[in-house]
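This report describes selected packing and domain features of the structure shown below.

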Amino acid sequence: MNTLAQIAAVLRLSLRTLSQRRGPSSVIVIGMAGVVAVFISLQSLAVGFRTVLDLGSRPDRVIVVTKGAIGTLGSSISRADAPTIVDTPGVKRDIDGAPIATTSVFADIPLIKKSDGLMAFTMIHGVGPKAMQVWPERRLVAGRMFQSGLRELLVGKSAQTQFEGLEIGDQIILPGGDWTVVGVYTTDGGIGDSMMVGDVETLMAALSQANFSTVNVRMDSPDAFAQVNAAITTNPSLAVDAVREIDFYTKRYEFALKLLRTTALALGSLMALGTVFGALNTMYAAVADRGREIGTLRALGFGGAPVVISVLVEALVLCAIGAVTGTLIAWISFDGSEHVIQGAVVTLRVTLPVIGMGVGLACLVALLGGLFPAIRAARMPIVDALRAV
Amino acid sequence: MKFLPLIWAGLWRKSARTVLTLMAVVTAFVLFGLLENVSDGFRQIEARSPEDRLVTIGAFSKRLTIAAVEQIRRVPGVVQICYVAGIFGVTKDPRQPRGVNFVEDTYFDMLDDVIITRAERDELARTRDGIVVTRGLAKEEGLKIGDRYSLTAPPSIKLKDGTSVWNFQIVAIVDSPFGDNARFGIGNYAYYNEVRPNPTVGAVFAKIADSKDAVRIGKEIDKLFQNSDTPSRTNSQRAFTQSGLGSLGNVEFLVNAVALGVMFMLLFLTANVLMQSVRERAPEFAVLTILGFSPEGVFGIVVAEAIALCLIGAAIGMVGAAAAAPLISLTGAPHAPTLTLRAIGLAVVAATLVGALSCVMPLWRMRRMSTVDVLAGR
């Protein structure tokens, strides 16, 4: 009998007798389900956060900030510098030859979360007339566009669902008077959905702020970055840095991103380690239980390899059942749920790569938990094993 | 007590299995200890945020004026006041912004984010460009008392001389209740006021007579500035902290969910191990019965073994968690400097519960075993 046929035979036997070891086997399944559920949920939140930033950025968009500024914090661009920045070669122009760019002002606005009544800061973004060309993905889904010169605001779809008092017609108190919500926009999942948008000049007047926060430009192509960057950073009259949009947001939310990722990894690996010990226990017991079987098989002329493989596969199958259960738990309870992290509305997404990582973790546990018991099974002296009958 | 050797021997009857189970218990409690450490960290921050202290900040990224301080001081119900202005800048590593808060001496009476002596306070007040730094910052930057310390701030945080390099002299290195995770400096507001072209105030702290008035007084304060250039946002410090901690997501829920899940998994695991053990040792238990042990006595031995195993594992695990706790700082999450008594107490309760509960199924099975059958090998 060739090895493959032997493996198949031993495997069939071990899987068929699995139901007799239901109790110990379920330790692996339940343990694995817990590990995978926790790992996938947290990792999916991190992935969801990443997605929000990715969807909210375009490779052909650049944010110009004051040299040395950390995010929008401390960035301040004067009225005199703004036109110079906008006129940089490499900046995309519309059919009239006007650069597709806008000056921006950012302010953090405290809002109340619907979920727990706690305060969270979200961004209010003042933009110029070209804004809809700079951010073509921002499309109006309700109400109307704000009018420049008036205290009117658009709110992002996610901000509206997560925070109180952002319905069309609601008043928002800002310095120097009330602003009215006149429209709702969406970017289909980008970070912009967590913000509010109004007219830059009116907002600056309200904040009695003389300088812009940043200048945002569209480029001819993503490759024009080097050109734009060189042009503005070598201009001696400017003290500014050009930052790709994705880098800008990654920097702003660096802390939360890192926290989510490391927590997922730390919790996942510690829990997995615990499960390895559980799996070792179960598999050693399984091997001991099946000593008679294995001894008989060996006496019949079966090799050691099929025995090793059959034990490993048994561990794998149990871990896989656990991983599938864990994935389902995570998916059913959390997929699509919205979370407010540092003022950004994040949708938790259980994606295939994350499931893949969960499955990988499960395979690792199966391998670590099954290998030593498998080797013991193969090494078991046939005579002793049969004597145990 | 005289059964202790018997319990101990029973525990090591199958040493490989016991060690593996013990390792699983240890891992579970390392995790448990770390999780409790994080949630204790959040709790400690919350506990340091009293409800009878109001915090007023400028809404909409705008900072308050110094005039606002006097207006808040006059609000009825406010008994004591202090204020801070903060700057941040970098030294060697541009990715590591460092913060400095400028305060007046009364700040130390009201807030306790550093442990500082009267002499150190006086020294700070005497030294115009003096700065007190936390031990965490001093360690990271290699600072000692008397050193000069300069921070390069973003261009918008300018000094009157047009540069944005802030120079300080270290007058003291102090401990923070948050341990070495707290990395910041405290300087004199008078100095900030002197060198900054347009001095502002970042936050005003107001102690109020009765925490029940927090919401009402907070609204009164905000009303003062409602139509000014710098509207304010006032909350009790407790509410502020909760919002800040809440901005990272619902940590309490996560910690509880994971801790409960881990304990459930552990329960399942130990129950199964006990089940095997009881099945294998049925003849031994039958012998004990014949020797005159009551069924309760035999049950007691099984339960004691299970609880002992869980408690030993929990003890090792909590020691491991205490050792590993400083690693939490790597993630950036807050955590308590040491394991609290509360965490240790919870671990003992959890270990005992897991141990006791895991005996339920095995004991139930033991009840159905007949001594005669077992001894006859049936």
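## Helix packing, domains and aromatic pairs

In this predicted model, H2(A) passes H12(A) in a right-handed crossing. Helix H2 of chain A spans residues 22–55 and helix H12 of chain A spans residues 352–379; their axes come within 9 Å and cross at roughly 150 degrees. Angles over 145 degrees count as roughly antiparallel, and H2(A) and H12(A) are therefore roughly antiparallel to each other.

| Helix | Residues in the contact |
|---|---|
| H2(A) | Met32(A), Val35(A), Val36(A), Phe39(A), Ile40(A), Gln43(A), Ser44(A), Val47(A) |
| H12(A) | Val354(A), Ile355(A), Met357(A), Gly358(A), Leu361(A), Ala362(A), Val365(A) |

By class, the residues of the contact of H2(A) with H12(A) comprise twelve nonpolar, three polar and no charged.

Chain B is divided into domain 1, made up of 4–46 + 249–375, and domain 2, covering 60–230. Between the C-alpha centres of domain 1 of chain B and domain 2 of chain B the distance is 48 Å.

Over all chains, the structure holds 14 aromatic pairs. One of them joins Phe102(B) and Phe168(B): the ring centres are 6.0 Å apart and the planes stand at 40 degrees, so the pair is tilted. The pair links distant parts of the chain, with Phe102(B) in strand S3 (residues 98–103) of chain B and Phe168(B) in strand S6 (residues 165–174) of chain B, 66 residues apart.

Key: Residues are numbered from 1 along each chain as its sequence is written. Chains are lettered from A and ligands numbered from 1 in the order in which they are written. This is a predicted model: local features need pLDDT of at least 70, side-chain atom pairs count only at pLDDT 80 or more; totals for chains, interfaces and linings use all residues. Side-chain values use heavy atoms; hydrogens and water are left out. Axes are lines fitted to C-alpha atoms, for helices over the stretch in contact, and angles run from 0 to 180 degrees between N-to-C directions. Helices (H or I, at least four residues) and strands (E, at least two) are DSSP runs, numbered from the N terminus. Angles under 35 degrees count as roughly parallel, over 145 as roughly antiparallel, 65 to 115 as roughly perpendicular and the rest as oblique. A crossing is left-handed if the near helix is turned anticlockwise from the far one by less than a right angle, and right-handed if clockwise. Contact means heavy atoms within 4.5 Å. Ala, Val, Leu, Ile, Met, Phe, Trp, Tyr, Cys and Pro count as nonpolar, Asp, Glu, Lys and Arg as charged, and the others, Gly among them, as polar. Domain bounds come from an automatic or database domain assignment. Rings of Phe, Tyr and Trp (its six-membered ring) pair if their centres lie within 6.5 Å; planes under 30 degrees apart count as stacked, over 60 as edge-to-face and the rest as tilted.
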